[in-house]
Amino acid sequence: MEKTNHILKGLGYAYILTLATLLIYNLILTFTDMSGSSIAMASSVITTVSSAFGGFYATKHIKEKGLIYGLLVGLVYIVLLILLVCLAKDQFIFDMGMLYKTLLVSLSGGIGGVLGVNFK
């Protein structure tokens, strides 16, 4: 049960980090002359880093099986995000780009998990 709590906290912190970073990025886009052409790249970087942070947090406290629990955090993070996007859009197509992003975010959660379990 304690492992589940740490995984859920890791997911929560990952989503909080995502929302805060996206808010800052949107403020920068709004109040500067920065082009909106970087939105896709910025969202990929933000979700990847947030997933790694969630995996790091969870496994730092679980202290075992960093890759497994990190991948789990990353996979749940991106699946819930995809479900949210499905609900928000009228038409949603799961294409190769979405598959690539799912793999990338899941792997970053795994890498964060490996780093978290080895963090002293």
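Helix 1 (2–31), helix 2 (39–62), helix 3 (66–88) and helix 4 (96–117) each give at least two residues to the lining of the largest pocket, where a helix is a DSSP run of H or I with at least four residues, numbered from the N terminus. This is a predicted model, in which local features need pLDDT of at least 70 and side-chain atom pairs count only at pLDDT 80 or more, while totals for chains, interfaces and linings use all residues. Residues are numbered from 1 along each chain as its sequence is written, and side-chain values use heavy atoms, with hydrogens and water left out.

A pocket here is an open set of points, on a 1 Å grid over the protein atoms alone, where a 1.4 Å probe fits and protein lies on both sides within 12 Å along at least five of seven lines; lining residues have an atom within 4 Å of a point. The largest pocket has a volume of about 320 Å³, a volume being the space filled by probe spheres set on the points. Of its 15 lining residues, T47, L81, V85, M98 and K101 are the closest to the centre. Helix 3 supplies the largest share of this lining, 6 residues.

Turning to aromatic rings, F56 and F119 form an edge-to-face pair, with 5.3 Å from centre to centre and 70° between the planes; rings of Phe, Tyr and Trp (its six-membered ring) pair if their centres lie within 6.5 Å, and planes over 60 degrees apart count as edge-to-face. Because F56 lies in helix 2 and F119 in the segment after helix 4, the pair ties together parts that are 63 residues apart in sequence.

Notes:
Rings of Phe, Tyr and Trp (its six-membered ring) pair if their centres lie within 6.5 Å; planes under 30 degrees apart count as stacked, over 60 as edge-to-face and the rest as tilted.
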